[in-house]
Amino acid sequence: MGLGVLDRSRTVAPEGWSRWLVPPSALAVHLSIGQAYAWSVFKTPLEKALHLNGVESGLPFQLAIVMLGLSAAFGGTLVERNGPRWAMAVASVAFGAGFLIAALGVATSQFWLVVVGYGLVGGIGLGIGYISPVSTLIKWFPDRPGMATGIAIMGFGGGALIASPWSTAMLAGFGTSTSGIAETFAVHGVVYALFMAMGVFLVRVPADGWKPAGWDPSQATAHKLITTNNVSASNAIKTPQFWLLWLVLCLNVTAGIGILEKASPMIVDFFKVSPAPAAGFVALLSLTNMLGRFVWSSTSDAIGRKNMYRIYLGVGALLYLVLVLAGGSSKVVFVLAAMLILSFYGGGFSTVPAYLRDLFGTYQVGAIHGRLLTAWSVAGVAGPLIIDGIADAQHAAGKSGPALYSLSFFIMIGLLVVGFVANELIRPVDSKFHEPVATVDAPAAEEVDAK
């Protein structure tokens, strides 16, 4: 069959194809690349086997998140042009190869190969895989875009729930020496590549002119900033709406990822709990991160994307205030507030593709989404720096417990308020940025239009 099987023309769904087969194909990819959230399982074994410190053992993960944003930004147009099957195939090869290169690095005690493999090569797989099904899902579910993207992106948030116990079990079986870690990485690379391949061959795109039975797009435009016009990716980045939404996503992610990255030591600092409850807290946050991606994005279909972000940012700021004022006095209050914040963190990721569709149309929404994910790269560095840096400084000043985090929590409140204001400033895109109908419908546009 050759590479022709990956062509967009080979993925157009025949008449009668069920659109409900597309979310499982997206899940096959997102559940796999969601392994990134379970990287912490490998930190301690790598530190002991390769004599690394904590900062060094985190480098592969940090580079992977940076490459996620960059590859999504630069690869978004290629994803739109070549279609979801091509993108998923590239992601499968890159993500699997990243693990195999990392396995070689551990086996030969060359840590730089682990960084290059998991961080650089695997990170490219993360970025391309993350955006690969988004525009396709939006086109299959124009009536429920929040729900559709929520299903897929929920998989990314929940990937760690599968990867963490699986990786732990393999390390227990193979051992935590260099050979055992290398074998674990190699198995990961092969299994994830095969599992992602299921999505590659299952995915389909709708035929030209397809729409859900009974769906009237003109009725949807009366609510929730939804447009029937289209904006190209090159024009989208010229609009204030894009940069306001970039800021909204960046600040919402910064507020959530700060807690996510520091979750286990944070609850220990607050309540002096043992490792087992601390691990349970991390699992709870992973669960709410996953569920929030589906529940809140689905809710946005009913109340609108702008209203949903008002909740993420406004209620999120109030929850941080609760952590400052009462978080140290009650484990229940602390855990519930943190769980809600992480649900908003996850929901922000899954709601933003539908928000982009509402503002810019479906024409090149995948490429626009890729560019927007550079906000994740920035937030992935900023959030942990704020929480970790201030906690270290406060500890050096002789403080302990909740006092280590009060200042950083106040900073998060301020960031969320700024995000709330930015969301309020978002208006419909000026007509001067709209694509002519003839351009969108012309055959030449097929190379960038995910139909």
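**Helices, a pocket and a cavity**

Reader: Is the crossing of helix 1 and helix 6 left-handed or right-handed?
Author: This is a predicted model, in which local features need pLDDT of at least 70 and side-chain atom pairs count only at pLDDT 80 or more, while totals for chains, interfaces and linings use all residues. Residues are numbered from 1 along each chain as its sequence is written, and side-chain values use heavy atoms, leaving out hydrogens and water. Helices here are DSSP runs of H or I with at least four residues, numbered from the N terminus, and a crossing is left-handed if the near helix is turned anticlockwise from the far one by less than a right angle, right-handed if clockwise. For helix 1 and helix 6 the crossing is left-handed.

Reader: How are helix 1 and helix 6 directed relative to each other?
Author: Helix 1 (residues 22-33) packs against helix 6 (residues 111-131) at about 150°, with their axes 9 Å apart; axes are lines fitted to C-alpha atoms over the stretch in contact, and angles run from 0 to 180 degrees between N-to-C directions. Angles under 35 degrees count as roughly parallel, over 145 as roughly antiparallel, 65 to 115 as roughly perpendicular and the rest as oblique. Helix 1 and helix 6 are therefore roughly antiparallel.

Reader: At what angle do the axes of helix 12 and helix 17 cross?
Author: Helix 12 passes helix 17 in a right-handed crossing, and their axes come within 7 Å. The two helices are therefore oblique to each other, and the angle of the crossing is roughly 45°.

Reader: What is the handedness of the crossing of helix 12 and helix 18?
Author: The axes of helix 12 and helix 18 (residues 406-424) come within 9 Å and cross at roughly 160°. That makes helix 12 roughly antiparallel to helix 18, and the crossing of this pair is left-handed.

Reader: How much space lies in the largest pocket?
Author: On a 1 Å grid over the protein atoms alone, a pocket is an open set of points with protein on both sides within 12 Å along at least five of seven lines, a cavity is a set where a 1.4 Å probe fits but cannot get out, and lining residues have an atom within 4 Å of a point. The largest pocket is lined by 40 residues, of which Ser40, Lys43, Leu260, Glu261 and Lys262 lie nearest its centre. Its volume, the space filled by probe spheres set on the grid points, is about 1300 Å³.

Reader: Which helices give two or more residues to the lining of the largest cavity?
Author: The search of the whole structure finds one cavity of 30 Å³ or more, and the largest cavity has a volume of about 60 Å³. Among its lining residues are Asn252, Tyr312 and Phe344. The helices that give two or more residues to this lining are helix 12, helix 14 (305-326) and helix 15 (331-360).
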